[in-house]
Amino acid sequence: MAKQELIPVEQARALLLDTVNTLETEKVPLIEALGRISAKNQTSDIDISPFDHSAMDGFAVVASDLANATPETPIELPVIDEIPAGAYYDKVLQPGTCVRIMTGAPIPDGANAVVKYEIVTNLENDGRASGRVAFSTPASAGDNIRQKGEEIAAGEVAIKAGEPLSPAGAGLLASCGLSQVEVYRRPRVAVIPIGSELVEPDALPLPGQIRDGNSYAIGASVVRAGGIPHLHSIVPDDKDMLAAAVLEAVEESDFVVTSGGASNGDFDYIQQVVKEQGELFMDFVNMRPGKAQTFGLVKNTPVFGLSGNPAAAYCGFEMLVRPALRKMQGYATFDRPRVWARLSRDMKKKDSRRIYLRSTLERLDDGSLQVRPAKSQSSGLFSPFQSGNCLAILPEGVPASKKVEAGTLVECLLLDVDEGVVI
Ligand code: AMP
Ligand code: MG
């Protein structure tokens with residue numbers, strides 16, 4: 001067998017990002033747009049807020065009326081009306097009078113300050129309309145008034161093209177008069193499990209069989225990456241059947257992910273199928289777990305062949321497929337946050353490839369970060385990902401069998417924090 005050429009993870013990732021295209025846009029209701037990328041600048045049709053309004057429950061006054069107010073010489077004013085939120089006072093407030101006003105109600109013309117209830121003394125009629133109140137401190141123009149256009153002016157951009165929508169952004173767009181927003185479409189991702197040994201999760205495996213776990217780990221990872229998974233039925237290790245499944249999937253999907261049969265074994269066919277039915281760009285990557293990573297285009301649809309080993313498939317998805325699915329949805333950030341942490345125990349570098357140790361990051365009592373690699377680093381396991389939260393990196397170039405001592409600082413990729421988050 002010819003020596004496999006391993007390309008660096010970064011080169012593999014760049015190849016995927018260069019190959020996949022951002023999808024079309026669609027208009028969706030605001031809540032469905034949460035976390036998705038705005039495809040356009042979104043502007044407001046009105047000033048927000050549309051009018052100056054009270055920030056407090058209190059009394060709207062002409063500030064100069066209260067210039068000489070002190071506790072010893074309070075200023076008394078008649079309360080000539082009441083303005084609840086939603087109402088509008090259509091007269092001009094005259095000096096020497098005040099109106100009772102609720103939070104959110106428009107400031108009447110003529111008034112230029114609001115004095116909150118708590119510091120006003122009710123003299124007559126409990127401070128309501130046609131009563132009297134006393135003020136014992138001066139007020140300044142603008143006190144407790146929220147200005148018209150404080151959030152945004154009519155015609156201004158509220159959310160820029162390329163920005164992810166947060167819950168606050170949904171509220172902002174609703175205020176701008178938008179109940180729907182244009183975002184990039186979610187990719188439909190076909191997930192194809194390959195292997196003659198595989199059975200469905202609800203079957204009891206016969207001798208030699210195992211349950212298909214990968215489709216569920218990959219399908220759930222697709223959801224977490226913002227895509228819509230479509231789980232294909234199990235395809236045995238048969239080249240023609242695999243070719244038929246891939247050809248069908250590329251018609252219906254924006255991206256196809258397979259697991260299993262990605263290496264050079266006697267019954268491994270995904271590389272050949274991609275080569276024969278389309279164009280093969282990549283077959284092996286310098287990482288462990290997950291060396292066998294097939295990528296190419298079939299009928300212009302990206303097809304990615306992950307290894308069958310669960311940890312290798314998971315790692316390959318995380319490092320290579322997830323960034324591609326993000327690009328398709330218009331995201332501009334592809335790197336999980338990284339931190340440096342001290343290894344909790346000695347590790348042996350088993351391979352000269354870059355090694356992603358399935359690990360748990362924790363903060364010690366002294367505030368420092370420690371990373372605890374899972375006891376077993378077998379590429380056949382899901383559990384270290386389920387119980388862990390990061391991948392600690394032992395770089396390529398460091399020779400195999402070198403001991404990496406406890407306490408060594410290693411870089412860790414945080415798998416439970418989204419790309420672009422500042423930590
Ligand atoms: P392969 O990449 O086909 O050589 O498979 C590598 C290992 O992963 C084998 O032990 C397979 O039985 C196992 N495997 C393959 N597909 C799956 C799957 N869908 N779920 C769980 N394990 C799998
Ligand atoms: Mg196999």
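Start with the lining of the second largest pocket, whose residues divide into 10 nonpolar, five polar and six charged. The model is predicted, so treat each stop as a place in a computed structure.

**Stop 1: the second largest pocket**

The space here comes to about 440 Å³.

Next, colour the elements around the pocket. Helix H3 (214–224), helix H6 (310–328), strand E24 and helix H7 (383–387) each supply at least two residues of the lining. Which of the elements gives the most to this lining? It is H3, with five residues.

**Stop 2: the largest pocket**

About 530 Å³ of space lies in the largest pocket. To find its centre, select Arg-288, Pro-289, Arg-353, Gln-377 and Ser-379, the closest to that point among the 29 lining residues.

Two strands, E23 (347–348) and E24 (354–363), are the elements that give two or more residues to the lining of the largest pocket. The largest share, four residues, comes from E24. By class, this lining has eight nonpolar, 11 polar and 10 charged residues.

**Stop 3: ligand 1**

Now select ligand 1 and show the residues around it. There are 15 of them, and Glu-197, Asp-212, Gly-213, Gly-261 and Gly-308 come nearest. By class, this shell has four nonpolar, eight polar and three charged residues.

- Glu-197: an N or O atom in its side chain is 2.5 Å from an oxygen atom of ligand 1.
- Asp-212: an N or O atom in its side chain is 2.8 Å from a nitrogen atom of ligand 1.
- Gly-261: a polar backbone atom of this residue is 2.8 Å from an oxygen atom of ligand 1.

How much of the accessible area of ligand 1 does the protein cover? On its own the ligand has 490 Å² of accessible area, and the protein covers 75% of it.

Terms used:
Residues numbered from 1 in each chain as written. Chains lettered and ligands numbered in written order. Predicted model: local features only at pLDDT ≥ 70, side-chain atom pairs only at ≥ 80, totals over all residues. Heavy atoms only, no water. Near = heavy atom within 4 Å. Polar contact = N/O pair within 3.5 Å; in protein donor to acceptor, adjacent residues only side chain to side chain. Areas by Shrake-Rupley, 256 points an atom, 1.4 Å probe, with all protein chains shown as cover. Nonpolar A, V, L, I, M, F, W, Y, C, P; charged D, E, K, R; others polar. 1 Å grid on protein atoms, 1.4 Å probe; cavity = no way out; pocket = protein on both sides within 12 Å on 5 of 7 lines; lining within 4 Å. Points joined across faces, edges and corners; volume = space filled by probe spheres on them.
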